[in-house]
Amino acid sequence: PRPPPRSACPRGPLAAPTARAMATADWLGMHDNATSFLYSHGNQRQLRAVESNPPEIPKANARHLLTMCDLAKDDVLAIMRVALAMKKSRNAFTETGYDRFSDTLKGYSLLTLFEKPSLRTRVSLEVGMHQLGGQAIFYSIGDSPLGVKESIEDTGRVLSRMCQGITARVKSRKDVRNLALVSSIPVINALDDYGHPMQMLADLQTIIEHKGTFEGIKMAYFGDVENNVTYDLMRLAALMGFTLNLAGVGTIEKSVWAEVKRLSENSGGKVEQFKTAQEAVAGVDVIYCDSWMSYGIPKEEEEARKKLFMPFQVDSVLLAQAKPDCIFMNCLPAARGMEQTAEVIDGPQSVVFDQAENRLHAQKALLVFLLAPRRFAEIVSVPELPGKP
């Protein structure tokens, strides 16, 4: 088989499961210890640099996910197929009492680090690990930041001996990157100031469910363009090859534009920024927006911020300029009367609660993909993604 494509966002070499290992038929017969594969070396993979002249990431025994740059298109397609199958199996569980994936991560432990508050992220990870037969352990680092009481190197090495994976929802990209530098188990970015890859997988699953495919779609994003969701939406569009129109307030980092350019060269994706919402919305299949009041915005700045963003509010007039079957998405939490009106988010074109639910299913597939790659490869009878009729 052909080797996986190199990441368009080079960071430093990290190991990925070998093609030979991924193709092994009798995985359980070869491994008495269900986690032993985590401590064997595999092929190396390039990851993106998030700062100038960063330290080289040493050879590791795990594959990390810090932004959408860390996945190839084929990886995402495989994760989507499994996520759709997991959702179908779980929906049948309430009637049949059987979920074919209920023991997939039996005996696995996922440590979930939280510096920033969360609802969907924490609940979806804890419920997801439970449904897969494993456990998620919540640990707040808000009062005990990484690298303060002990070095991040020591923390990463200790956790690597006790758990099979780590998620981190933090304020700074530096923290999650430093943890990945020293961890020999997968580190997954559950949100930082540079990306939100778990949200992207849920978003793509939602688009596939409602539009039949992501191929050929055109999406418009409105609001704060200088944030993690915008950055990873840009990478997602460039990676998967669809069109994303941006309109809002803020300055997009040059490094993100560079990543998007490299990814688009292989996929044909197109990301473009417009001055007005009206320019960006014409003929789109999907409208997406995010909160104007991200965590950490001072209360005294909220009114001025609202006035600044109001030209990019999604209301029924703006929605009418998209395609008639356009869907509306918001990664939540949402504020009616701010980034969108109530008639939009509560209207028939809104899919925001399907989108929120898919955090559970997409993350389950991702966790198996990263924590148990051989088991992921052995999941059979998963249907192909639906295509255009």
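Two strands pair if DSSP finds at least two bridges between them. Helices (H or I, at least four residues) and strands (E, at least two) are DSSP runs, numbered from the N terminus.

## Basis

This is a predicted model, in which local features need pLDDT of at least 70, side-chain atom pairs count only at pLDDT 80 or more, and totals for chains, interfaces and linings use all residues. Residues are numbered from 1 along each chain as its sequence is written, and side-chain values use heavy atoms, with hydrogens and water left out.

Strand E3 (residues 109-114) runs parallel to E4, and 6 bridges join them. Within this pair, leucine 110 stands opposite alanine 136 of E4.

Both strands belong to an open sheet of 4 strands, ordered E4-E3-E5-E6, with parallel pairing. Strand E4 (135-140) and strand E6 (187-191) are the edges; each has a single partner strand, so one side of each lacks a neighbour in the sheet. On average, neighbouring strands are turned by 20° against each other, direction ignored. Axes here are lines fitted to C-alpha atoms, for helices over the stretch in contact; angles run from 0 to 180 degrees between N-to-C directions.

## Five-stranded sheet

A second open sheet has 5 strands in the order E9-E8-E7-E10-E11. Its pairing is parallel. Strand E9 (270-274) and strand E11 (327-330) stand at the edges, each with a single partner strand, so one side of each is without a neighbour in the sheet.

Strand E10 (residues 286-289) is joined to E11 by 4 bridges, and the two run parallel. Valine 286 has isoleucine 327 of E11 as its bridge partner.

## Helices H5 and H6

Helix H5 (residues 152-162) and helix H6 (residues 173-182) have axes that come within 8 Å and cross at roughly 60°. H5 is therefore oblique to H6 (under 35 degrees counts as roughly parallel, over 145 as roughly antiparallel, 65 to 115 as roughly perpendicular, the rest as oblique). Contact (heavy atoms within 4.5 Å) involves Ile152, Glu153, Gly156 and Arg157 of H5, with Asn178, Leu179 and Val182 of H6.

## Helices H7 and H8

Helix H7 (residues 197-211) packs on helix H8 (residues 228-240) at about 55°, with the axes 9 Å apart. This pair is therefore oblique too. On the H7 side the contact is made by Pro197, Met200, Asp203 and Leu204. H8 supplies Val229, Asp232, Leu233, Leu236 and Met240.
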